[in-house]
Each structure stands twice: as structure tokens, then as C-alpha cells.
Amino acid sequence: MNEIISAMNIISELDTGVTRSSLAELVALHQAAFPNFFLTQLGPRFLTEYYATVVLFSGGIVVTARDGVSLCGFAAGFVDPPGFYRSLRKQRLRLMWSLAPTVLRNPALVSRLRVNSSRAKNNSEEQSPFVAELASLAVAPAYQGQGIGGRLVEAFAKHAASMRAGEIKLTTDATENEAVNAFYIRRGFVAMGAGDVGHGRHLVHYSRSIAA
């Protein structure tokens with residue numbers, strides 16, 4: 001199990017494990033930071049299983065920022081995207097079971113889930129195992145604008161480098177997302193292409209080299 005790094009003001013305090021309550025905090029913050037995003041629509045049970053898979057994956061990285069007690073931000077991702085998505089597919093029965101209540105309420109989500117899963121699988125197979133994917137970066141609304149997101153990115157990069165990753169990749173929305181795109185460009189990320197994934201969503205892919 002990888003460690004969760006506490007990163008508020010100073011990167012410190014290594015923890016040796018993750019409890020169900022800390023996963024619940026991650027999920028609650030994800031929902032608050034991304035209220036209308038597709039993964040959020042899949043429900044808290046799915047998000048819990050997804051983040052549990054990240055935490056338990058050998059290349060998983062979860063960096064958290066706390067104000068002393070409360071979780072105010074986190075960055076989550078993994079080194080070796082092909083390996084992670086293989087691990088995720090092995091958990092598909094648990095993931096599908098966690099989706100059952102949500103899908104019963106909104107069956108249309110199934111087709112989008114298939115498209116997203118296929119896209120993630122195809123993209124991961126083209127990547128090197130020495131690439132880190134920054135899958136989620138979230139800061140609680142009350143703590144935004146205080147530089148927490150930037151420190152989380154740098155902590156994520158430092159930990160990825162320690163795991164022999166030489167590059168960070170991420171994907172975000174290309175349109176109506178100017179502040180986020182500007183944030184990543186300021187952090188040294190370079191746009192490597194864009195694509196339309198349907199449902200009116202246009203994505204841009206970013207990459208940044210990191211030094212060990």
C-alpha cells in the first residue's frame with residue numbers, strides 16, 4: 001500500500017495506511033470540487049472503490065493537504081498507467097456492483113461509462129510504465145486561491161520522480177475551463193493535443209517532464 005502524504009504549508013507527516021474514513025473524506029471533497037463531472041455522477045460508492053484501487057495499486061500516489069484536521073485538497077494518480085488500468089479492470093465486478101444503485105436511477109450512464117472505459121484503456125496502452133498520470137486534483141472551495149493546488153502538484157511530481165517516473169500526463173476540459181488550463185500551463189505543463197469525446201465534451205491533454 002502506498003503512503004498518503006500530508007501537504008499543507010510543509011510537505012510532511014507520512015502515513016502508513018488509509019482508512020475507510022479517509023477514503024470517505026476524499027470522496028466528499030471530490031464531489032464538492034467536481035459537482036457536475038461524470039465520475040461524480042457515478043455516485044459515492046463507485047468513487048470509494050475507484051480511490052481504493054488507486055491507494056492499493058503499487059504505483060498509486062495520493063497527496064493530501066490538511067488545515068490541521070480537515071481535508072482541504074488532494075492530488076491522486078499513479079505511475080505506470082497501463083498497469084493501473086489492468087488493475088482497475090480486475091476490479092470490474094466490484095466497480096459494477098458499486099454502480100448498481102446509480103445505474104438503476106440513470107441507465108443512460110452505462111453507455112458513457114463504456115465509452116470512457118474504452119478511451120482510458122486505449123490511451124493507457126500507448127503510455128510508458130515510467131509515466132505518471134495525474135488523475136484528480138481537487139481543492140475545497142473554501143481553500144481555493146491560496147496556492148494549495150500548486151503545492152499538491154509539486155508534491156505529486158516529487159513522489160512520482162521517486163518512483164522513477166520521468167513525465168506527468170493529465171487530461172482536462174478544453175472549453176469553459178480557462179482558469180484550470182491556465183493553472184496547468186503556469187505549472188509547466190504543455191498541451192499535447194485535444195479531442196472530442198462526445199456528449200459535448202472537448203478535452204486537452206497535457207504533459208510535463210519531471211526530474212528525479
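Student: How many aromatic pairs are there?

Tutor: The count comes to eleven aromatic pairs, and keep in mind that this is a predicted model.

Student: What makes Phe57 and Phe84 an edge-to-face pair?

Tutor: Start with the centres: the rings of Phe57 and Phe84 have theirs 5.6 Å apart, and rings pair if their centres lie within 6.5 Å. Then take the planes, which stand at 75°. Planes over 60 degrees apart count as edge-to-face, so that is the name this pair gets. The pair also links distant parts of the chain, with Phe57 in the loop between α3 and β3 and Phe84 in helix α4, 27 residues apart.

Student: Why is the pair of Phe78 and Phe84 called stacked?

Tutor: Here the ring centres are 3.8 Å apart and the planes sit at 10°. The cut-off for stacked is under 30 degrees, so Phe78 and Phe84 are stacked. Phe78 and Phe84 are both buried, too.

Student: Which residues form the aromatic cluster?

Tutor: Tyr50, Tyr51, Phe57, Phe74, Phe78, Phe84 and Tyr85 form one cluster.

Student: Which residues meet where α3 and α4 touch?

Tutor: Tyr50, Thr53 and Val54 in α3 meet Phe84, Ser87 and Leu88 in α4. By class, that contact has four nonpolar, two polar and no charged residues.

Note on methods
Residues are numbered from 1 along each chain as its sequence is written. This is a predicted model: local features need pLDDT of at least 70, side-chain atom pairs count only at pLDDT 80 or more; totals for chains, interfaces and linings use all residues. Side-chain values use heavy atoms; hydrogens and water are left out. Contact means heavy atoms within 4.5 Å. Helices (H or I, at least four residues) and strands (E, at least two) are DSSP runs, numbered from the N terminus. Ala, Val, Leu, Ile, Met, Phe, Trp, Tyr, Cys and Pro count as nonpolar, Asp, Glu, Lys and Arg as charged, and the others, Gly among them, as polar. Rings of Phe, Tyr and Trp (its six-membered ring) pair if their centres lie within 6.5 Å; planes under 30 degrees apart count as stacked, over 60 as edge-to-face and the rest as tilted. Buried means under 20% relative accessible area, exposed over 50%, partly exposed in between (1.4 Å probe, protein chains only).
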